[in-house]
Structures are given as structure tokens and as C-alpha cells.
Amino acid sequence: MKISVRNLEPTKVKLTVTVEPEELNPYLDAARKEIAKQVNVPGFRKGHVPGKIIDQRIGFAAVAGEAVNDAVPELYSKALDEKKIRPMAQPEFDVQDVPQSANDETKLKFTATVERRPDIELPEIDGLEIAISKPEVKDEDVDKRLETLRQRFGTLVGVDRPAAKGDFANIDLTAEIDGETVDSQEGVSYELGSNTMLDGLDEALDGLSAGEETTFEGTLEAGEHEGQKATVKVKVNSVKAEELPELNDEFASEASEFDTLDELKADIRKAAAQDAEGRQATEARDAFIAKLQEGLEIPVPKGVKANMVEEQLKGMTPDPEKATKEQKAQAEETVEKDLRDQMVLDALAEKLDVQVSQSDVFNFLASIAQQYGMDPNNFIQAIIKNGQLGSAVQEVGRSKGLLAGMRAVKFTADGEVVDLSGFLGEAAEDEESESVEAAEDEESESVEAASAAAAVADELSAKDDAKDAE
């Protein structure tokens, strides 16, 4: 098999593959056998028709077509391995030459155009030192959490005074355009200062007492007249203020399992400290990835980026085509960072020769299923059916590579070594037993789903067998 590679872009290549007859022959023979199972030829048992008869009765073109359909993807995969090209999208195939008869010496020739991962030269990570922030818990942090808890036990009481920021007003709204009522609502509870309804509503309500009303100009934000200016009449039915409980032992006993306020504060401080350590671990992860990319120019595949930006915009606005320049810029920035991080972690997994086991993939998929309240069996079967197993394997490889890489690095805060073992886990002697979910700061739980595990195992084993056969 002859392979030539032409770089179309920094992240896009065109492979031209020319296949020798002896390499195509096994595919032709397999195609003849498959066709023989499906046709009836007088004088021969079904499935036992000689290849020459198949060529005569069915036609060599049909045989070659079947063979090419099977050969091209497999030979393309071999070409990628031989040229060490890491694809990031599905290829565009163009079959250019196909033999027209069994004696035709024309060689199968096809091209494959595909976006690829650029070559990334990562730094050595052994002995690398990265400085991160020291986790701190201030009194203000404890007070803020305590105030949030206090607000959960607050009550609303009616007040005989004008409404002010933080109050809750019960209001009636009527919106008119050119004198015609286009929307109206009654008995709406609204917190002044929250700015969660019409633009200008907060200013209109400020200073109004129960029974008073006013009008203002506002832009409708939903419904048939979304985006249009309207004259809005608002009437205040009642004004209520939030009354918070006193911070004392009685409150601590009611709001928690503790008997005193000091005990509650101590528990809140402990929780804040744990959260701070979690943020420190996240900072360490981000700093590690940034260190790997330091000084590198990493181009991103244009087509992959465009598809991801489109998906990103779908999550930001109901109609991506109407996305603002700011939304598009934000989506592009997010996607470019995600792509560079993914490509760097893929390169790191290769550099560290990370091995992904069947149990790794199963645990990873099962944990995702549990997060969404789905049956692990059905979820994993769906992943396999939709051809997404390869993406799951890749994600597991990235997570394991990230863990292994961070374990090899020394993280310091104010000159002191930071122990992140609680988040990174211990380096296991048997890499195949390592948990993937530690990279996501989540605990892995054992799931009884033998049939799904077997399906993953069969799929991965088939991939391994195909690779060994190459």
C-alpha cells in the first residue's frame, strides 16, 4: 500500500492511498462469500457458490463495490497509524480508481481528506514545579454562608411604608402598545432590585406604597411582542419585608444539628475550608494544563471548531442564527480553549503511554448514567449503538493522563508543597484499576450491570483484535 500525505492546512491533510492487488484480494474474496450467502445459483448450495461463478452471475462490479466499502475504511485506518495522523473528525473519501474485472490490474486508489490533531511537543513534566494559591477561609466567608442560611429561615411580613430595594411587592401589570393591551398579569410577587422582570420596573416600584400605581416605558422580553416598546401600568397591592431570625443558639438548633451558634460557625468554617481546597485543586489542574501549553502555538481544526461553536450557541440562545457578536465571540473563545486543552491532554496521554482498560470505560460511562438518573445498561448500550464508544475511550484517556501528569508535578503555595492526593488519588501499580472519575473530583461507585460491561468488553476486544491483525 502506497500512502502520500499532502498538508492542506496546519490541521488538515489529504491522504492518497494506492492499494496493491494482493492487498485488495482478501476483501474481494470476503465480498464474494457474503454475496454467495444471499443469492441462489442453480447447482450450488446457498453460501457455497465459487467466486468465479459469483463474478459471472452477479458481476464483478457488484463484488468490487462490496469490497471497496469494507476495504477503504480499514485501509484508511492503517494509513493513519502508519503516518501517525490523529484524526479529529470524520474523513471525506473519494474513490478514484477501482479494478473493473478480476484480471484488471488497475489498483484501488482513494483519497481521504480529514482534519487532524497538530503535532504538539510537550515539555518534560518530571520535576516540574507549579505555584498555586494557598486556600484561605476568611471570617467574611463564614459570615456570608451564615447569612445565606439565615435567609432560608426568613419570613415575609407586611409593612405600611413605601417599597424599597429588597422588599417584596405584590403587583398587577398591564402592557399596552398603541393603546391596545398586549399583556397583563395579576398578583405577581416581585423582589425590588432583583431586575428579573421588565427593564425599568425596579425604578418604577421604588417609593410606591400599597394601593398606588404608576406607568413607565419598557421593552417586552417575551411573548408575541418580544423586543417591542410598551407602556406598562403597574399597581402595588401590598409590600412585604423580609424578617430574618436572630443569630443565636436557638437559630443554630433550628437550622442545623448543632446546639450552639459557635458549633454551627465551626462547621460552616470547615465546609468553607473544604470548598477552598477543592478550588485549589481546580486551580492546580488549570495551571498544569496552562504550563503544558506555555510557549506553544496550537492551531485548532477549523471545521471541528465551527461545529462546536454552533453547538455552544444552541445552548446560549434559542436561535443561534440570531446570536449577538458578543455571544459568538464568547462561544469561539470557549471552544478554542476547550479544543486546545483536549488536544494537549491527548498528547499527554500518548507521551505517558496511558492504557485505557475495559473497566475504566465502563466505570466512566456508568458514572455518567448515574448522574443523569439513567439505567447504566441502557446508557452504555446506546453509546455503543451510536458509535460513541471511541469518544468515551478518549475522554478516559485524557482523565487518566491528567491524573498521571499532575502526580509527577510538584505544586507549591507560598513555598510549601501542596498535598493534592485527596483529589488526585494514589498512583496505582495496576493502571487498569485506576478510577477515571477522580479527575472530575467525583467518587466512583460500583454498578451492577454485567451485560453492559460485557458489551463494552466485546467492543474493545474487537478493536484490539483488529489492531493486532494489522
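Q: What do the buried residues of H1 pack against in this predicted model?
A: In this predicted model, the buried residues of H1 pack against strand E2 (12-19), helix H2 (51-57), helix H3 (60-83) and strand E4 (108-115).

Q: Which residues of H1 are buried, and what makes a residue count as buried?
A: A residue counts as buried when its relative accessible area is under 20%, and in H1 this holds for Leu24, Tyr27, Leu28, Ala31, Arg32, Ile35 and Ala36.

Q: How do you know what span to expect for helix H1, and what span does the helix reach?
A: The expected span is 1.5 Å times one less than the number of residues; helix H1, residues 21-36, has 16 residues, for which 22 Å is expected, and the helix reaches 22 Å from its first C-alpha to its last, close to that expected value.

Q: Why is Lys84 called exposed?
A: Lys84 has a relative accessibility of 56%, and because exposed means over 50%, Lys84 counts as exposed.

Q: What makes the phi of Lys84 worth a remark, and where does Lys84 lie?
A: Most residues other than glycine have a negative phi. Lys84, although it is not a glycine, has a positive phi of about 55°, and it lies in the loop between H3 and strand E3 (92-97).

Q: What is the phi of Asn195, and where is its place?
A: Asn195, a residue other than glycine, has a positive phi near 55°, and its place is in the loop between strand E8 (180-191) and helix H5 (201-205).

Notes. Residues are numbered from 1 along each chain as its sequence is written. This is a predicted model: local features need pLDDT of at least 70, side-chain atom pairs count only at pLDDT 80 or more; totals for chains, interfaces and linings use all residues. Side-chain values use heavy atoms; hydrogens and water are left out. Helices (H or I, at least four residues) and strands (E, at least two) are DSSP runs, numbered from the N terminus. Buried means under 20% relative accessible area, exposed over 50%, partly exposed in between (1.4 Å probe, protein chains only). Contact means heavy atoms within 4.5 Å.
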